[in-house]
Amino acid sequence: MKKLYLFAVLLLGAMVSEAALSTPNVTGKWSGTLQMDGQNDAKPAYSIFTQNENKLSGSIGPNESEQDSFKGGKVDGDKLTFDVPQGPNGEGSIHVEMQVNGNQMTGRAKWSGPPPSSGSGKVSLKRVVE
């Protein structure tokens with residue numbers, strides 16, 4: 001019975017360790033581009049993330065000094081999702097879905113708000129090494 005219990009504990013530990021290893025920690029600063037659909041030029045993109053287990057908060061913007069904050073984001077394996085309120089009364093939002101691959105992440109952003117402020121684009125970010 002002790003051997004079976006020990007085996008179960010070891011198996012559970014290995015499964016938890018594997019899950020922890022497959023979920024990247026994205027806490028930190030990320031820099032890259034936003035390629036808006038239908039446009040040829042890429043815009044700068046800068047994000048600052050704080051991850052606590054599977055919860056994500058932080059901010060996004062064109063550079064480190066111009067940021068819009070968000071809370072309530074989620075990390076699910078190598079995928080991130082979060083919504084950033086926009087406008088003085090939160091009448092718009094940016095929905096972002098990203099996939100992390102090491103020190104890079106790519107994905108899509110879709111924003112909505114009062115016309116004409118809606119659209120979408122591809123986001124590519126790399127971890128800022130300080």
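This is a predicted model: local features need pLDDT of at least 70, side-chain atom pairs count only at pLDDT 80 or more; totals for chains, interfaces and linings use all residues.
Residues are numbered from 1 along each chain as its sequence is written, and side-chain values use heavy atoms, without hydrogens and water. Local features need pLDDT of at least 70 and side-chain atom pairs count only at pLDDT 80 or more, while totals for chains, interfaces and linings use all residues.

Eight strands form a closed barrel in the order E1-E2-E3-E4-E5-E6-E7-E8, with antiparallel pairing. Strands are DSSP runs of at least two E residues, numbered from the N terminus, and two of them pair if DSSP finds at least two bridges between them. E6 and E7 are joined in the antiparallel sense by nine bridges; Val-100 has Met-105, in E7, as its bridge partner.

Met-105 also belongs to the largest nonpolar core, a group of 21 residues. Such a core consists of buried Ala, Val, Leu, Ile, Met, Phe, Trp, Tyr and Cys residues joined through side-chain atoms within 4.5 Å, where buried means under 20% relative accessible area with a 1.4 Å probe, protein chains only. Val-26, Phe-49, Leu-56, Leu-80, Phe-82 and Met-105 touch the most other members. E6 gives the largest share of this core, four residues.

The largest pocket has a volume of about 520 Å³. A pocket is an open set of points on a 1 Å grid over the protein atoms alone, with protein on both sides within 12 Å along at least five of seven lines; its lining residues have an atom within 4 Å of a point. The volume is the space filled by probe spheres set on the points, which are joined across faces, edges and corners. E2 supplies the largest share of the lining, six residues.

Conventions:
Buried means under 20% relative accessible area, exposed over 50%, partly exposed in between (1.4 Å probe, protein chains only). On a 1 Å grid over the protein atoms alone, a cavity is a set of points where a 1.4 Å probe fits but cannot get out, and a pocket is an open set with protein on both sides within 12 Å along at least five of seven lines; lining residues have an atom within 4 Å of a point.
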